[in-house]
Amino acid sequence: MPSLPGSVVTTYRKTHLCDVQVPGQGPMHESNSTMPGPSLTTPVSTPAGKVGLAICYDMRFPELSLALAQAGAEILTYPSAFGTVTGPAHWEVLLRARAIETQCYVVAAAQCGCHHEKRASYGHSMVVDPWGTVVARCSEGPGLCLARIDLSYLHQLRQHLPVFQHRRPDLYGNLGHPLS
């Protein structure tokens, strides 16, 4: 049965908590106020495609994105608040890597600006296609970027470059196994 417009269809709780101290960036201790989510969420069917849910620091763990892709995700989301030190160094490259290795679109909304005297977020929201091309992006300030999600392109790419069929779990285990 289809859900009603505006209804909650699933909930995802951030799996990986960011407890880090990066020089030049205020310390993060999410475990002081947040409990990690106990499980991943099966991708959600939407008019745009099947959406796999993740949050911010989760993008540093490719096993999560691989599990979502193997469970049918076509789009991965990463709402985030990367800092002004890690953002310029890691933000785009991690998003592009997640798109390439999963052959999914990646949609990453990013907070920007100063939160308080010790914490500022990098911004640069973006959309990356399954080939790893940034197809839409914002600057460091508030903004809106739009991108076309072309599922026929995604399925064609997966057909021509069938990386999931070529995986070798016999050598390295079943990393990113499908969700149950």
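Predicted model: local features only at pLDDT ≥ 70, side-chain atom pairs only at ≥ 80, totals over all residues.
A salt bridge here is a side-chain nitrogen of Lys or Arg within 4 Å of a carboxyl oxygen of Asp or Glu.

**Entry 1: salt bridges**

I looked up how many salt bridges there are, and the structure holds 5. Glu92, Arg96 and Arg137 turned out to be linked in a network of them.

An α-helix has 3.6 residues a turn, so residues three or four places apart point the same way. I noted the accessibility of both partners: Glu92 is partly exposed at 27% relative accessible area, and Arg96 is partly exposed too, at 33%.

Next I turned to Lys14 and Glu30, whose side chains form a salt bridge with 2.7 Å from N to O. This pair links distant parts of the chain, 16 residues apart. Lys14 belongs to the segment before β1 (19–20), while Glu30 belongs to the loop between β2 (28–29) and β3 (44–46).

My last pair was Asp170 with Arg168, where the closest N and O atoms are 2.7 Å apart. Here Asp170 counts as exposed at 57% relative accessibility, whereas Arg168 is partly exposed at 39%.

**Entry 2: the nonpolar core**

I went inside next. The largest nonpolar core has 22 residues, and those with the most contacts inside it are Met59, Leu76, Tyr78, Trp91, Leu95 and Val106. I asked which elements supply at least two residues each. They are α1 (62–70), α2 (86–102), β6 (105–108) and β9 (126–128). The largest share, 4 residues, comes from α2.

Leaving aside neighbours within four places in sequence, I found Leu95 in contact with Met59, Tyr78, Val106, Ala108, Met126 and Val128.

**Entry 3: helix α1 and strand β5**

Which residues of α1 are buried? I listed Leu64, Ser65, Leu66, Ala67, Leu68 and Ala69. I then followed what they pack against: β4 (49–53), β5 (75–77), α2 and α4 (163–166). After α1 comes Gly72, and I noted its positive phi, near 110°.

Thr77 is buried, with a relative accessible area of 18%. Beyond its neighbours within four places in sequence, Thr77 is in contact with Val51, Gly52, Leu53, Ala54 and Val107.

**Entry 4: aromatic pairs**

I searched the whole structure and came back with 2 aromatic pairs. One of them is Tyr57 with Phe61. A pair of aromatic rings is described by the distance of the centres and the angle of the planes. For Tyr57 and Phe61 I wrote down 5.4 Å centre to centre and 75° between the planes. The pair is edge-to-face because its angle is over 60 degrees. Tyr57 counts as buried at 19% relative accessibility, while Phe61 is partly exposed at 25%.

**Entry 5: after α5**

I finished with the segment after α5 (169–172), where I found Leu175. Leu175 is partly exposed, with a relative accessible area of 46%. Together with Leu171 and Tyr172, Leu175 makes a nonpolar surface patch of about 320 Å².

Leu179 is in the segment after α5 as well. I read Leu179 as partly exposed, with a relative accessible area of 24%. What does Leu179 contact, leaving aside neighbours within four places in sequence? My list reads Leu40, Thr41, Thr42, Pro43, Ala67, Leu68 and Ala71. I also took the C-alpha to C-alpha distance for Leu179 and Pro43: they are 136 residues apart in sequence and 9.1 Å apart in space. Two of those contacts, Ala67 and Leu68, were already in my notes as buried residues of α1.

Definitions and conventions:
Residues numbered from 1 in each chain as written. Heavy atoms only, no water. Core = buried A, V, L, I, M, F, W, Y, C linked by side-chain atoms within 4.5 Å. Buried < 20%, exposed > 50% of the residue type's maximum accessible area, 1.4 Å probe, protein only. Contact = heavy atoms within 4.5 Å. Patch = residues over 30% accessible without salt bridge, like charges linked within 9 Å, V, L, I, M, F, W, Y side chains within 5 Å. Areas by Shrake-Rupley, 256 points an atom, 1.4 Å probe, with all protein chains shown as cover. Phe/Tyr/Trp six-rings, centres within 6.5 Å; stacked < 30°, edge-to-face > 60°.
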